[in-house]
Amino acid sequence: MTISEYIELLFNDYTLRTISIGTAVLGALCGMLGSFAVLRKQSLLGDAISHAALPGIAIAFLITGTKNSNTLLIGALISGLIGTFWIRGIVKKTHLKSDTALGLILSLFFGFGMLLLTFIQKMPNANQAGLDKYLFGQAATLVENDVWLMCIITGISLLTIALFWKEFKLLLFDADYTKSLGFNTSFLEVLITSLIVISIVIGLQTVGVVLMSAMLLAPAAAARQWTNSLSLMLVLAAIFGGFSGVLGTAISASSNNLSTGPIIVLVAATFVLFSFIFSPGRGLLFRQIRFWKNRKDLELYKTLAFMHTIAETHENISHPHAVKILNNFQGYTKKSLQKLEHLEYVTIKGAMWSLTEKGYQKAKNLYNQQDTVNE
Amino acid sequence: MSNRTAITVDDLTVAYNYKPVLWDIDLVVPEGVLMAIVGPNGAGKSTLIKSILGIIKPIAGSITVFDKPYKKQYDLVAYVPQKGSVDWDFPTTALDVVMMGTYGSLGWIKRPGKKQKKAALEALEKVGMLAFKSRQISQLSGGQQQRIFLARALVQNASIYLMDEPFQGVDATTEKAIINILKELRKSGKTVVVVHHDLQTVPEYFDWVTFLNVKKIATGPVKDIFNDDNLTKTYGINYKVSVQQ
């Protein structure tokens, strides 16, 4: 299937359109809120919450006997919140650190959830199958109502973030200072955490409990590489998340039987990998290139500085000197001499070099100039 | 120095888990002093400041700022936290951090405008950081980060300034620049309380001092109480400093 065929299908096929819009909105929402989680150093909280939601889904099914996704998600929401609450309690009341508390709650709730799922599967009830879609997600089961719910939650989140932008930024950067200015930090924290929990819960059906945290973290981690502005980071994370959703859906739709959730996560991970390597400011590639370039420049300047000290001993700065007196300790190579000539810092005649006025001035102000570059 | 009291601490006790960090502290900070809080590591100096600011809830005791609880006096107090208490890789600029000082007076939801930006730029100039206003904060040196924090507090235009180790890890130039600003603040009638570690500079920088080691050892004018006796009581070793007065 070509791209144009796929796009045509996107406009004609109702199911595919619904799923694409759903995963795009979900990706954008998670990317946006994930930025907050990453900056608060609570990356693992999302993982714990999504795993903690599993027993809630199973219990909701056991009580109501329906597979209606909204009912099950309310169960997920409740047990996710209980999990979050317990994590906070463990950190506050015991000496355990938050990573231990997160790990404990995550495995405890997930284990209990798996137990309930196997129990449900053995029940003599025709209605039982399909709950395991919440493990790895099944985007194909998205219907228009689910997408509407995602849109509403995204709208509420956008509104909340826009309204409390200043306060959120302050809290993320310096919580104690926020308190000292008289802001109610508990309210803000509950607000952020609630939004994150809700967005996780509505994503469970699509991506599943196991991979949900990647939806939060991957777009945010990728976005951080490209910008040093919080607002831009949120926008970029939303774009990366949205694109992961659309692209992931497209890939899974064009090859049979590839489940959508894992592919969306893989696409998001590709964004992260690409950003880690190729982003101009923080990326590994450009950092390495800058490093090499700086080292080369430094060698060049070392030669120039040495030439300067020799030239200074003469009244005429352009007095020619033998190339022989330069050596490798001053960073001299044939190439570096050529480069200096190319930069018009020196002129070379046979085996003699002489400093130009430009080269003299450059060498004289070498360290001052480097200071101003650093400042 | 006027006769009003800026901060009154009454019978303050604070504990994390079981061990008390501050025990039965009574403290009066007169208006217009430049006070150092000195004491060994773990003496509860930062905790005292955080308790005054309502960041930490005490087990017992009361704190008032100009005779009212802190909750009603937010706009009168500015706070300079320890530099290491935040993540300097946060995606924001120096100017943006200084602008945060205006958030308190703005209150909920309202965004900073031209007036707030002007105030922030003025504060940046005062600490000699105007040229760095658009700099990403992770690319500032330790001393520059400290100046940014100071500028953020200056923007609050408060009556009382509480600072947690503003001289920690800064070079001599920055230390001079900071102390000059503190002295200027005192001259204009502000009260400044500073957690301080370098005992040698106490007589030179400050006019008031509090010795703290879980309990309050002494508080008063530097020229009256900054002596070997109190230092020994606070630090537990026979401490000798040459006090020039």
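1. Domain bounds here come from an automatic or database domain assignment. On that basis chain A splits into domain 1 (3-279) and domain 2 (285-364). Their centres, taken over C-alpha atoms, are 58 Å apart.

2. This is a predicted model, in which local features need pLDDT of at least 70, side-chain atom pairs count only at pLDDT 80 or more, and totals for chains, interfaces and linings use all residues. Residues are numbered from 1 along each chain as its sequence is written, chains are lettered from A, and side-chain values use heavy atoms, with hydrogens and water left out.

3. Confidence: pLDDT is the predictor's per-residue confidence, from 0 to 100. Chain B has a mean of 91, and 96% of its residues reach 70 or more. The complex gets an ipTM of 0.93 and a pTM of 0.86 from the predictor.

4. The interface: 36 residues of chain B are in contact (heavy atoms within 4.5 Å) with 32 residues of chain A. In chain B, Phe90(B), Pro91(B) and Trp108(B) lose the most area to chain A. Together they give 24% of what that side buries.

5. Charges: six salt bridges (side-chain nitrogen of Lys or Arg within 4 Å of a carboxyl oxygen of Asp or Glu) are counted between chain B and chain A. One of them joins the side chains of Asp174(A) and Arg152(B), at 2.9 Å, N to O.

6. Gln116(B) touches Met99(B), Thr102(B) and Leu106(B), not counting residues up to four places away in sequence.

Conventions
Buried area is the accessible area (1.4 Å probe) that two parts lose on being put together, summed over both.
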